[in-house]
Amino acid sequence: MRTDTGQLFRLEDYRPTDYLIPQISLVFDLHPERTIVRAILSIERREGVEASAPLVLDGDDLNLVALTVNGAALGDNGYQATPERLEITQLPEQDRFTVEIVTEINPTTNRQLMGLYRSSGVYCTQCEAEGFRRITYFLDRPDILSIYTVRIEASEAEAPVLLSNGNRQETGDLADGRHFAVWHDPHPKPSYLFALVAGSLGHISDSFTTRSGRKVDLAIYVEHGKEPRALYAMDALKRSMKWDEEVFGREYDLEMFNVVAVSDFNMGAMENKGLNVFNDKYVLADAETATDADYAGIEAVIAHEYFHNWTGNRITCRDWFQLCLKEGLTVFRDHEFSADQRSRAVKRIAEVKTLRAHQFPEDAGPLAHPVRPRRYREINNFYTATVYEKGSEVVRMIRTILGPELFRKGMDLYFERHDGEAATIEDFVRVFEDASGQNLSQFALWYEQAGTPNLSVSYDYDAAEKTFAIELEQSLKATPGQSRKKPMHIPIKFGLIGSDGKEIAPASATGAEVAADVIHLRQRKETVRFTGVTERPVPSLLRGFSAPVTLASELPRDDLMFLALNDSDPIGRWQALTKLLTAKLIAGVKRVRGGKAPVIDTDIVGLVGEITADERLDAAFRALCLTLPGESDIARDIGNNIDPDAVLASRDALIKAIAGAHARPFAALYDALANNGTFSPDAASAGRRALRNSLLDYLSVAEGSPSRAEAQYRAADNMTDRAAALSVLVHRFGDSESAGQALAAFEERFGGDPLVMDKWFIVQATRPGAATLDTVQALMHHRLFSLDNPNRARALIGAFATANQTGFNRADGAAYRFFADTILKIDVENPQLAARLLTALRSWRSLEPVRRDHARAALAQIAGTEKLSADVKDIVERTLG
Ligand code: ARG
Ligand code: ZN
């Protein structure tokens, strides 16, 4: 592990390199423990650079075996090699020359899962962000674009499948049972997009004909026997390819496209040119083993990685500060794809929930950073919800401000102007300015300023003048490294609703700019005054969640109730309901902490019942409304001095009240939604299952018995219903015989399938209450558990730390201490994973004092450990900072 970095990288220090590498030829002689890599680099000195300028290449844990320049070995003074760096000082006068480097690496002992490693015996690579330097010495940065030719040699028995980027050019046999394949990628690309896969894998194949009539061979490689579970991913891939042609005019550009699923992977997936490598979680699905959420995740990630071919690969990033240039934009594209494939409103609400759950706390805590950071110590720690999800929201706001036509015009210009380049956020913003003639300089603050703006709003209706005024004020708190903030350009979609539920069209608007259904707030404080408003309207603000802000509005409760039932924008309805529920839940927390029972609000209980019963609404939408804000949502909205036990008590009290009040209609609806016919993962069927499973929880609470969940568990013909029943059994009736039996039955049935067993670990790790720590500690010794596998570690440790508020935040701090010990263990093998898991403690300052002290002590224990990785050191220091 690299413990010695901790160097600070700054955006303003960007300098182009002295040398370019237009071509690279790689030869891999694969052996499990001793792989030899021969790299032939064609080097070009940039104009104006002196021949005396050294060529300094990046390495990480490398072992140099041989080095020549233009075919000749160098004297000892001609170069300097360490595992982290190769500096060549003895260089030819000519501006073009060849450097040949031979390194030896060990894929078997590579447990960081960066560079070339083995996962279940399959050789695979992960090079983003800085993994290529663990394979060979290189200018390992995204502004160095090269044409790659790759020859792979391996034992045919061990690795019948040999894959790399681009098109397959040649294959053949060698002596000693070995064989080879040569791959060539004609598109210049940065080293982080290099990939190699070799091993014994099964596959499914298909093809796609592009709109200009070129046939592309598609294949998905998986573990033998799992081929049928890749069919949904293949279908999603073909739909993605078609959608990108239709919606963004983007066509695929190679003869083949391969996807490989591996079981050890640090992230979701990776967009290597023509050879996407996936965490098997985002490829494998069938009714028996995958939930509806898994299917939706596969569809989204397959699309995301495919869309990177244009936004990331054809146009890449100049440096890693520009990460959101490819990630925010590509998330936006995959969101739009899923919205088109499924229900747009339901998809949008899911996005808002994710943003609030993951990005808002990041922006409010010690790890806050701008969408485009200006500083980093460890780039792997910046693959964050801010860069990805908020980055996507920023692109969405550009579309809201420009409108869909000018947005598309800007995107077309982006592809035309920057194809084949390594670009910046400035380049991206400029195409929209040029396409629209608008100045977006104030808008660009969204890339620079960290933190979630708060919008506080008040209203004034003047019946005599028939005017309605909305007063808006924005504020943005200080974040690490940014104490003073400028006002932002916030696009606020809105509507004014009359007492009949219809939209009111005002005669005119003065004050802040209003264009169609968007108010453009640009000052710190502005008022919009609408005229010709004949009755007091109910305002719906931030429709479609048009900006990633928090909204503090003085809207009375009755207006929120009205919006929850009448807003024509479903996101507006959901936001109003969420506001009402959250206010009640927070009031309940206060009462619980004062030793009293929460007061039940029959109006709100009735409202939830009414929406649930409304057959005109999408089942998935009703399920979202029926699912109360989660414990961490409530905690986030309380903001400080959090007692997670009181939060859980308040939430459970409201669930109980809703369940008690509507038990009969809920039971009838539960029966009516029963699955008839064969399983289909489509959005409408998934929506019905979501609603029914949400009802199952309420009904089980109302009935005070595990019987219903037990019956559903037994009858289930798909994983969504089975997992939902198991969750009710374990979370609501954890000590019952039914829960024990269901857990045993699940293990018996799926014990051969680690990916499915992750659900079994998660459901136990997330059982509320202090006692779960013992369960988690015991499960660490389960035969299927291993801290080395990222999916396993995330299922048990990650789920416990992020999705079990009462268990993880035990008042005695025991879970924090266990967590700190575990992070330190993981850090020895896989720093990236350890650092990622550690972010679970980022909101420690908002806990009540006793827990806060325990959390601080656990963080201090980590910080005080010798030999921390650069990854964990960076996170722990900023978290304590
Ligand atoms: N570019 C990948 C994606 O968003 C993520 C890879 C990140 N990997 C890493 N080691 N930081 O699809
Ligand atoms: Zn991505």
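## Shell around ligand 1

In this predicted model, two elements each supply at least two residues of the shell around ligand 1: β20 (269–270) and α2 (292–307). The shell holds 14 residues. Glu128, Met267, Met270, Asn380 and Tyr383 come nearest to the ligand.

By class, the shell residues divide into 5 nonpolar, 5 polar and 4 charged.

## A cis peptide at Glu128

Glu128 is one of the residues that come nearest to ligand 1. A cis peptide bond joins Glu128 to Ala129. Omega there is about 0 degrees. Ala129 sits in the loop between β11 (122–126) and β12 (146–155).

## Positive phi at Ser120

Ser120 is not a glycine, yet its phi is positive, at about 50 degrees. The residue lies in the loop that runs between β10 (115–119) and β11. Ser120 has 15 C-beta neighbours inside 10 Å, so it counts as partly exposed. The exposed class ends at 12 or fewer, and the buried class starts at 20 or more.

## Positive phi at Phe545

Phe545 is also not a glycine, and its phi is positive, at about 50 degrees. Its place is the loop between β32 (538–541) and β33 (550–553). Phe545 counts as buried because 22 C-beta neighbours lie inside 10 Å.

Note on methods:
Residues numbered from 1 in each chain as written. Chains lettered and ligands numbered in written order. Predicted model: local features only at pLDDT ≥ 70, side-chain atom pairs only at ≥ 80, totals over all residues. Helix = DSSP H or I, 4+ residues; strand = E, 2+ residues; numbered from the N terminus. Near = placed C-beta within 6 Å. Nonpolar A, V, L, I, M, F, W, Y, C, P; charged D, E, K, R; others polar.
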